[in-house]
Amino acid sequence: MSVLVFTENWDGKFKKLSFELVSYSNKVAEMLGTSTTAISIGSVADDELTKLGKFGAKKILKLENEIFKTFDTRAYSSAIAQIAQKEKAEVIVIANNNMGKAIAPRLSVKLKAAVGSGVTKPPLSTEPFVVNKKVYSGNAFAHMELKTGVKIITLAQNSFDLIETSNDATIEEASVDIDKSAVQTKVKDVEKQTGKLLLTDAEIVVAGGRGMKSPDNWTPLIELAETLGGATACSRPVSDEGWRPHEEHTGQTGKIIAPNLYIAIGIS
Amino acid sequence: MKILVCISNVPDTTTKIKFTDNNTRFDSTGVQWVINPWDELALTRALELRDDTSNSVNKVTVGHVGTSAADPTIRKALAIGADDAIRINAEPEDAYQVAAQLAEVIKKEQFDIIFAGIESSDFNGSTVGSMIAEFLDYPSVSAVSGLNIDNDEPVITREIDGGKETVTIPTPCIAVVQKGIAIEPKIASMRGIMQARTKSIKVMEPVDVDIITEVVTFEPPQPKPDCVFIEEDNPGKLVELLQNEAKVI
């Protein structure tokens, strides 16, 4: 029995989110009286993998293969499912982000495992297994029982504090069996801004709303965000109007953020 | 090509969320029900593709798991422009059950592209679309913010951290869509509303599926904490509070 956590990497590096997931998984593992195994897919150096151990992963499985260079939902979920079975995972923890939302449902069907998505706290109980998840777009929470042997939790970003432990983790190579012909996603083009602070990672966020009157008035907000070392965000009407890119839209239907400081300007 | 758009019936997003029966049930008294906002955007894009003669999309069907109580919402989708609808006659219990029911229908009816909104505004599960894909062993792409068709092949834009990726997958496939897939939801015209009355809603009986999650209780929204106001001619005070009291800058 174990708690398995999938730790996504960004060009071979982990982020605060990765450590948050491991810290959370270790908390769940403590509740179940077991240990945490982390799975990393793609090329990540061992000294980077070791960092997962600091937050409580006891075993770190790395899976490097050309197949995983492209994010194909079937290949990734098949790999994680195979490892979950080998490791006899009772709980699988994944981020509730773009990649996690694509993988968790497939794992759920493969393993017939109930999913609690957008979970913000450790399980409320383990017998029965009940999680606290946001519902009605953050206007309420539901205590949801996951009634299957294997459970999947997608953790809401920025909802669990990092907990450092002194744990000497072992790093092992994992092997899985993936049918190459089933990998059908072909990447034609990638547009990526490098060096820009991602909104979901920012400790300080400066957000503007319709009260800013025009996209031409955004310069002071951008300057303020830059001065404070933060990121800019906007409300829904602003992204609907095309004043700001919709990646910046936060709130009910947009990105969920939890910065230390949130400055709202022109938002009612 | 045929497109299926899976729609969920949700409380209007401005609804004040309340619960009854000792916080175990959503209080639907006086609630207006609407098409889930993400599904509405998916439907809009599907109709744009159908109406664009440069591709071979010629039919858009909406699929829903629910009782006849959801018929007004389905009629709305037909009024917006969907050609017909399929309703699987079962009370939606959880994402796994809903996805399994939709997958059964897709097996029978065969579609080339299946659209599902990335989440519903009530349960925020973000699971149904990709679960359908797994039940059917179809390829899928999630976080889709754009979809075009080139020589009967979907060319998809998906959101990744800090950017976008353009990918292709073969049909039949599932596109789990988010904001950006359409600029704004299409609104029903008077003609559309009239036409919707005669369009078909095919009712199909559900298959047996296990229910694997259960809401034990709801926690109603918490009251917001008190707010400190600072006079506009005293910005120094604000900086001081942020620095020394909140310790955030």
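Analyst: Start with the area. About 5200 Å² is buried between chain A and chain B, and carbon and sulfur atoms give 54% of it. Buried area here is the accessible area, found with a 1.4 Å probe, that two parts lose on being put together, summed over both.

A word on the source. This is a predicted model, in which local features need pLDDT of at least 70 and side-chain atom pairs count only at pLDDT 80 or more, while totals for chains, interfaces and linings use all residues. Residues are numbered from 1 along each chain as its sequence is written, chains are lettered from A and ligands numbered from 1 in the order in which they are written, and side-chain values use heavy atoms, with hydrogens and water left out.

Now the residues. Chain A brings 62 residues to the contact and chain B brings 58. Contact means heavy atoms within 4.5 Å.

Nine salt bridges run between chain A and chain B. A salt bridge is a side-chain nitrogen of Lys or Arg within 4 Å of a carboxyl oxygen of Asp or Glu. One of them joins Lys112(A) to Asp210(B), at 2.5 Å from N to O. Between chain A and chain B there are also 31 residue pairs in polar contact, both residues at pLDDT 80 or more. A polar contact is a pair of N or O atoms within 3.5 Å; within protein, one must be able to donate a hydrogen and the other to accept it, and residues adjacent in sequence count only if both atoms are side-chain atoms.

Which elements of chain A supply at least two residues each to the side that touches chain B? They are α3 (73–86), α4 (98–111), β5 (114–119), β7 (129–135), β8 (140–146), β11 (186–192) and α6 (236–240). Helices (H or I, at least four residues) and strands (E, at least two) are DSSP runs, numbered from the N terminus. α4(A) gives the most to this side, with eight residues. By class, the side of chain A that touches chain B holds 22 nonpolar, 20 polar and 20 charged residues. Ala, Val, Leu, Ile, Met, Phe, Trp, Tyr, Cys and Pro count as nonpolar; Asp, Glu, Lys and Arg count as charged; the others, Gly among them, count as polar.

Strands pair across the two chains as well. β8(A) and β14(B), residues 213–219, pair in the antiparallel sense over six bridges. Two strands pair if DSSP finds at least two bridges between them. Here His143(A) stands opposite Thr217(B), which belongs to β14(B).

Look next at the backbone around one of these elements. Pro128(A) is found in the loop between β6 (125–126) and β7 of chain A. The peptide bond from Glu127(A) to Pro128(A) is cis, with omega near -5°. Most peptide bonds are trans.

Finally, step back to the whole structure. The salt bridges over all chains come to 29. Among them is Lys59(A) with Glu87(A), whose closest N and O atoms are 2.9 Å apart. Lys59(A) lies in strand β3 (residues 57–63) of chain A, and Glu87(A) in the loop between α3 and β4 (89–95) of chain A. This pair links distant parts of the chain, 28 residues apart.
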